[in-house]
Amino acid sequence: MNKLLLALLSCTLIFACEKEKFVVPNDLTDVKTIVGSRNQNDLGQYIAEVGDHLAFADLSQGAISHEWIIEGGNALLGNDFKAEDTTYSQYILPGQLSTQDPTAYVLFQTAGLQRVRLRNVFDRQVSFTATGTTAVREGNNWVVDTTYLVNVFGDLRPAFKVLKDGEEILSVSEDDEPDQANAANWTAVTLEVGQDLEFVDLTTAGAPTGRQWTLTGGAPATSSDSTATISYPSLGEHVGGTLRVIREGADVPAANAEKWIPIRVTVIPSSQPFVFTGELSERTDDVLSFRVSGEAKTFTGEEANFTVQVKNGEANFNQAIAVQKARVNAQDPTFIELVLAEPIYTSDTIKVSYGGGAIGSVDGRILNAFGPEPVVFAEGANVLTDDALRFEAGPDAYFFQQPQWSISTEQAASGAASAKFFVDDPSSSPGNMRIQTVPDAVPMVFPAGDYALSIKVYIPSGTDIVKMNTNLGKPFQAIVWDLTSVSERDEWVSLTQNMTLEANDNTQGSKFVIGIRRADITSSSATLFLDDISFVQRELRP
């Protein structure tokens with residue numbers, strides 16, 4: 001690759017235009033270097049790819065000798081190389097792993113963590129200001145020996161395997177290159193409608209950070225999972241697919257590579273019943289959707305065979321809502337949709353039953369009766385958008401009224417952190433132990449309305465706490481969480497309650513306070529983790 005990347009503009013000009021004229025002054029005693037690179041990661045390692053060349057410039061002053069030393073598997077380039085060239089083999093200094101030139105041009109040819117050493121010898125004590133390194137005495141001289149780490153990334157080379165019923169039917173290594181022109185000879189497998197294959201990403205070469213599977217005839221047709229379970233709902237032959245592996249992020253050079261999946265899937269009629277398989281939800285406003293175990297054929301006249309029972313205790317509502325239209329989803333025929341004749345609300349409890357009828361699959365099966373099955377509404381938007389109430393904002397977003405609270409990475413329901421409560425001896429602890437958000441750092445802004453309030457708690461074995469008190473401040477509203485209902489230990493548990501909240505706009509310094517009282521701890525010591533606080537506005541049935 002044609003890369004010459006330098007840390008300082010002035011040195012870029014010297015390196016790019018007048019490399020042979022570069023002279024290090026020697027009238028002062030100091031140690032300084034410049035390394036050309038795109039960036040460094042959090043560990044201070046420089047980032048490069050196989051085929052990159054980086055410049056290492058020794059600007060040390062007063063050294064009586066200096067030497068750049070590289071590891072085997074890489075190469076030094078002569079000062080006559082041209083950065084605009086696309087290959088550099090003609091400039092490699094054969095067998096040479098060190099140079100006493102002020103500037104070392106290193107061609108990285110090996111992936112992994114590579115080391116470049118600079119050894120400077122002085123006739124007096126010196127310090128390396130960039131790293132704080134101090135020279136070590138050797139005989140009558142002083143030596144500064146510094147190692148630069150370069151994380152070199154190789155080419156991405158996809159590798160994977162395919163399983164059927166847990167048995168491997170196809171393996172493609174990083175060295176294999178399947179050819180689409182040879183598709184007639186690809187691995188053949190026969191599945192019944194709705195059966196699945198497991199695609200497992202085995203790629204390690206090039207340090208990928210993600211992947212994208214694309215499977216012809218598959219459901220889902222794409223997946224980013226490391227192990228993707230793909231079913232095949234359509235009759236006929238489905239040839240191949242691709243695995244594209246991806247490398248992206250702040251500390252890695254971006255790249256991607258794609259490889260054919262050499263497989264031919266023939267789908268035959270299923271010997272299994274045609275049944276409801278789940279995912280019953282509100283897909284769009286007042287349209288329910290559920291998945292079945294194969295592709296459904298277009299049908300009509302099935303509306304009366306469905307019962308949609310809706311209950312809402314707050315609105316004193318309990319009745320069946322008619323299905324206005326039952327149909328196959330146009331984009332994915334493994335889903336059936338029910339268009340309702342009346343509106344539904346997220347505060348409703350809804351169950352769906354099917355009494356049986358003439359809904360059929362493309363391979364000639366008839367859908368079995370099912371239900372009642374509950375409708376799951378998609379989780380609404382959390383009005384608490386700040387990371388602070390997911391405890392990812394760091395300790396400056398909180399005021400710890402008592403030291404029993406802290407921000408911890410020991411446990412997390414999501415992200416990397418949670419709020420931790422710990423008391424070793426409750427009898428000697430304060431009466432009320434609290435943590436609160438800092439109003440200026442954590443905006444508590446949401447409109448008045450009815451909300452589903454949710455938290456996640458992790459209570460280790462041996463801890464017993466009756467309740468946890470929380471409240472909003474300005475305007476004050478108390479929110480109490482009953483922990484006696486949490487029988488689970490050593491796992492995250494979600495708690496939800498519905499409340500009507502006043503508007504919060506942060507102008508009055510609104511805050512969120514969390515507290516545990518000494519009197520509510522019934523164990524000899526107590527530990528609790530808290531995470532993922534959310535306020536989701538509810539749809540109330542009028």
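The mean pLDDT of the chain, where pLDDT is the predictor's confidence in each residue from 0 to 100, is 88, and 91% of the residues reach 70 or more. Over residues 1-32 the pLDDT is below 50, and this stretch has 81 contacts (heavy atoms within 4.5 Å) beyond near neighbours in sequence. Where pLDDT is low, the predicted coordinates should not be read in detail. This is a predicted model, in which local features need pLDDT of at least 70 and side-chain atom pairs count only at pLDDT 80 or more, while totals for chains, interfaces and linings use all residues. Residues are numbered from 1 along each chain as its sequence is written, and side-chain values use heavy atoms, with hydrogens and water left out.

**Domains**
- An automatic or database domain assignment divides the chain into domain 1 (33-153), domain 2 (160-268), domain 3 (277-377) and domain 4 (386-537).
- Between the C-alpha centres of domain 3 and domain 4 the separation is 39 Å.

- Strand β38 (residues 467-473) pairs with β39 in the antiparallel sense over 6 bridges; two strands pair if DSSP finds at least two bridges between them.
- T470 stands opposite I479 in β39.

- S293 lies in the loop between β25 (287-292) and β26 (306-312).
- S293 counts as buried (under 20% relative accessible area; exposed is over 50%, partly exposed in between, with a 1.4 Å probe and protein chains only) because its relative accessibility is 16%.
- Not counting residues up to four places away in sequence, S293 touches V193, P273, F274, V275, T277 and R365.
- The side chain of S293 reaches the backbone nitrogen of V275 at 3.0 Å, and a polar atom of this side chain lies 3.4 Å from the backbone oxygen of P273.

**Backbone exceptions**
- Most residues other than glycine have a negative phi, and most peptide bonds are trans.
- A cis peptide bond with omega of about 0° joins A219 and P220; P220 is in the loop between β17 (210-215) and β18 (222-223).
- The peptide bond from G371 to P372 is also cis, with omega near 5°, and P372 lies in strand β31 (residues 370-374).
- D532 has a positive phi of about 50°; this residue lies in strand β43 (residues 526-537) and is buried, with a relative accessible area of 13%.

Conventions
Helix = DSSP H or I, 4+ residues; strand = E, 2+ residues; numbered from the N terminus. Polar contact = N/O pair within 3.5 Å; in protein donor to acceptor, adjacent residues only side chain to side chain.
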